[in-house]
Amino acid sequence: MTYNGLLRYIQGGIGLVLFLALWHVASTTGLFGRIDPEYSLLLLPTPETVLKAIVETFQDGTLWGNVSVSIIRVAIGFGLAVLIGIPLGLGMALSPSCNNFAEPFVRIFSPIPGIAWVPLAILWFGLGDKAAIFIITLGSIFPIVINTVQGVRDVDAHLVDAARMMGAGHLQVLRRVMLPSVIPYLVTGFRIGLGFAWRVVIAAEMVGVPKGIGYMLGVGRSTGRTDITIVTMVTLGVLMLVVEELVFAPLENRTRFWRRSVAV
Amino acid sequence: MELVFSNIAKSFKRGAKDRVVALDDISFSVAEGELVCLLGPSGCGKSTLLKMAAGFEFPDTGSVTADGKPVCKPHPDRGMVFQDYALFPWLTVEENIAFGPEMNGTDRREIRERIRRFITLVGLTGFEKAHPHQLSGGMKQRVGIARMLAMSPKVLLMDEPFGALDAFTRMEMQEELTNLWQAAPFTTVFVTHDVEEAVYLADRIAVMTSRPGKLKTIVPVPLSRPRVRTDHDFVQIRNHVLKQYERTQPSAAEYSI
C-alpha cells in the first residue's frame with residue numbers, strides 16, 4: 001500500500017474512533033450535563049447498546065426480514081424503471097415525434113419528488129408492496145430517462161460517421177458506437193435513480209406501508225427502541241456503501257476509463 | 001478509382017429567409033492514383049466537398065461520381081481520415097483497426113494479419129493494446145490512417161488530418177504519408193488550409209476561395225518526391241499558390257477607419 005493510501009486509512013480510522021468516543025460520552029453524560037443521563041441514554045443510546053441491538057435484531061431475524069423486504073421492493077420497482085426508462089429514453093433521443101409526445105410528461109413529472117406520490121399510491125394500491133413498487137418506479141425512472149436521452153444526444157457524430165464509413169449499418173452503429181458511448185450515462189442514471197428509490201421506499205414504509213427498513217425505523221420510535229432506529233440507519237448506510245463499492249465503482253471504472261482520462 | 005465532381009453547388013440556411021452559398025459551381029476530377037489537395041481558407045467549403053465524396057453530405061445540384069457511379073452513401077471503398085481522429089475511445093488500437101474489416105465480414109485470420117501489417121506500416125508496434133487516450137496526437141492519427149488502410153479502400157479522403165498536430169509532427173506525418181502513398185498510390189483527396197502542406201503532398205492543388213466557395217484554379221505540382229521545402233522550385237510553386245489569394249481589389253472594410 002502506498003504511503004498516501006495508508007495515511008487515508010489511519011486518518012479515517014482515527015476520525016471514526018473519535019466520533020464513537022464523543023457519541024459514547026454524550027449519551028452517558030446527558031449530552032455533556034445538559035439533561036438527565038437517564039433521558040440521554042434513551043434518546044441517544046451508546047454505541048455499545050447499538051452494537052448489542054445489531055446482534056439482537058440480526059439473530060432474531062427482524063433486521064434481515066425487514067431489509068430483505070425493502071431490497072425486494074426496490075429491486076422490482078427499480079427494475080421496472082430501468083425496463084421502461086431506457087427504451088423511453090432511446091425513443092425520445094432518436095425520434096423527434098416520440099420526444100414531442102413524452103417531453104411534457106417528463107418535464108412536468110420529473111421535478112415531483114417520489115415521496116409526493118405516497119398518499120395517492122396508498123389510496124390506489126392499498127398499504128402493501130404494490131404501492132411501494134409504484135412510487136419506487138416513479139421516483140427512480142426520470143434520472144434514467146434523462147440520462148439515456150443525454151447519452152444518446154452526446155454521442156460523437158464523427159464516431160457515427162467513422163463507423164458508417166467503415167460499412168456499419170444502423171444496427172451495428174447502435175450496438176458498436178451508440179451503446180458504448182451511452183453506458184457511462186446509464187451508470188450515472190442508475191446511481192441517481194437507485195438513490196431516489198431508497199429514499200422513496202423508506203418514506204413510504206415510514207408512513208404506513210408495512211414491513212421494510214422504513215417500517216423498522218418507525219417502530220423504533222413508537223416503542224422507545226431508539227437503538228433499533230439507529231441500527232436501521234447504520235444498516236442503510238452500510239447497504240448503500242456496499243452497493244456503491246461492489247456495483248457502481250467497478251462499473252464506472254470499466255465503462256468510463258476513457259471518458260475520465262479525456263476530462264482530466 | 002476515379003472521382004469526378006461536376007457542377008457542384010450547395011447553400012445553407014441562415015436565419016429565416018437568408019441562404020448562404022457555400023459551394024458555387026465546382027467541377028474537377030481526381031484521376032486514378034492521383035493525390036489532389038483541396039486548399040482554401042476556412043469556410044470555403046473544402047471539407048463539405050470531401051464529405052460529399054465520402055457520402056455524408058449531398059450537393060443541391062451537380063454530382064459526385066466514383067468510377068462513374070453517383071455517390072449516395074458512405075462506402076468502405078472510400079476511406080476517410082478525420083481531423084479529430086474519430087477513433088473509438090473504448091477500443092484499443094488493434095480493435096480500432098479491426099473495426100472496418102469486421103464490418104465487411106473479413107475472416108479472423110485475415111483481420112489479425114491486417115492489424116499486424118498496418119500497425120507495422122504506421123510505426124505503432126508495441127501499442128496494439130493501448131487505448132486512444134494514452135496516445136499522442138500524431139500517434140492517434142497514425143491509428144486513423146492504419147484503420148482506414150485496413151479496410152482496403154480504393155480512395156483516401158483526408159480531412160485536415162494533420163491540422164491538430166504541432167508543426168514538427170506535422171512535417172513528419174507528411175513525409176510518412178508521402179512514403180506510404182508512393183508505395184501504394186491511392187486516389188487521394190487531401191483537404192488542408194496549409195499552403196506548404198499542399199505543395200509538399202499534391203500532384204495537383206485545387207485552390208479554393210471563400211464566400212462563396214469557388215474553385216479559383218488548379219495548380220499542378222510537377223516536382224519529384226521526396227520534395228524539399230527549401231528548394232527553389234518548391235518555393236516558387238508555393239509563392240504562385242499564395243498569389244492566388246492576393247486580393248486584386250482592396251476591400252473597403254479593411255481600409256475604413
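Student: How many residues has helix α8 of chain A, and how far does it reach from its first C-alpha to its last?

Tutor: This is a predicted model. In it, helix α8 of chain A (residues 129–153) has 25 residues and reaches 36 Å from first C-alpha to last, close to the 36 Å expected at 1.5 Å a residue.

Student: Where does the kink in α8(A) lie?

Tutor: At A:Ile141, shortly before the proline A:Pro143, and the kink is about 35 degrees.

Student: And why is α8(A) described as largely enclosed by the rest of the structure?

Tutor: Because 19 of the 25 residues of α8(A) are buried.

Student: Zoom out to chain A. How many helices and how many strands?

Tutor: Chain A has 12 helices and zero strands. Its radius of gyration is 23 Å, well over the 18 Å that the globule rule gives for 264 residues, so chain A is more spread out than a compact globule. The C-alpha atoms fill a box of roughly 75 × 55 × 35 Å along the principal axes.

Student: What percentage of chain A counts as buried?

Tutor: Of its 264 residues, 41%. The chain exposes about 14,800 Å², and carbon and sulfur atoms supply 71% of that area.

Student: What share of the contacts in chain A comes from residues 24 or more positions apart?

Tutor: They account for 68% of the contacts with a separation of 6 or more.

Student: Now the largest nonpolar core. Which residues touch the most other members?

Tutor: The core has 95 residues, and those touching the most other members are A:Val177, A:Trp198, B:Leu3, B:Phe5, B:Leu49, B:Phe88 and B:Leu157. Helix α10 of chain A (residues 170–207) gives the largest share of this core, 13 residues.

Student: Take A:Val177. What does it touch?

Tutor: Leaving out residues up to four places away in sequence, A:Val177 touches A:Val155, A:Leu159, A:Val160, A:Ala163 and A:Gln172 in chain A, plus B:Phe88 and B:Trp90 in chain B. Apart from this core lies another, of 47 residues, including B:Ile115, B:Met158, B:Leu165 and B:Ile205.

Student: Over to chain B. Which residues of α5(B) are buried?

Tutor: B:Thr169, B:Met173, B:Gln174, B:Leu177, B:Thr178, B:Leu180 and B:Trp181.

Student: What covers them?

Tutor: The cover includes strands β3 (35–39), β7 (155–159) and β8 (187–192) of chain B, together with its helices α3 (108–121), α4 (137–150) and α6 (195–201).

Student: What about the length of α5(B)?

Tutor: Helix α5(B) covers residues 167–183, and at 1.5 Å a residue its 17 residues should span 24 Å. Its end C-alpha atoms are 25 Å apart, which agrees.

Student: What is the phi of B:Arg211?

Tutor: Positive, about 50 degrees, although B:Arg211 is not a glycine. B:Arg211 counts as exposed, at 69% relative accessibility.

Student: And where is B:Asp25?

Tutor: In strand β2 (residues 19–30) of chain B. Phi of B:Asp25 is near 45 degrees, a positive value in a residue other than glycine. At 48% relative accessibility, B:Asp25 counts as partly exposed.

Student: Last one: is A:Pro119 buried or exposed?

Tutor: A:Pro119 is exposed, with a relative accessible area of 53%. It belongs to helix α7 (residues 118–125) of chain A.

Terms used. Residues are numbered from 1 along each chain as its sequence is written. Chains are lettered from A and ligands numbered from 1 in the order in which they are written. This is a predicted model: local features need pLDDT of at least 70, side-chain atom pairs count only at pLDDT 80 or more; totals for chains, interfaces and linings use all residues. Side-chain values use heavy atoms; hydrogens and water are left out. A nonpolar core is a set of buried Ala, Val, Leu, Ile, Met, Phe, Trp, Tyr and Cys residues joined through side-chain atoms within 4.5 Å. Buried means under 20% relative accessible area, exposed over 50%, partly exposed in between (1.4 Å probe, protein chains only). Helices (H or I, at least four residues) and strands (E, at least two) are DSSP runs, numbered from the N terminus. Contact means heavy atoms within 4.5 Å. The expected span of a helix is 1.5 Å times one less than its number of residues. The bend at a residue is the angle between axes fitted to the seven residues ending there and the seven starting there. The radius of gyration is taken over C-alpha atoms; the globule rule is 2.2 Å times the number of residues to the power 0.38. Accessible areas come from the Shrake-Rupley method with a 1.4 Å probe; for residues, only the protein chains shown count as cover.
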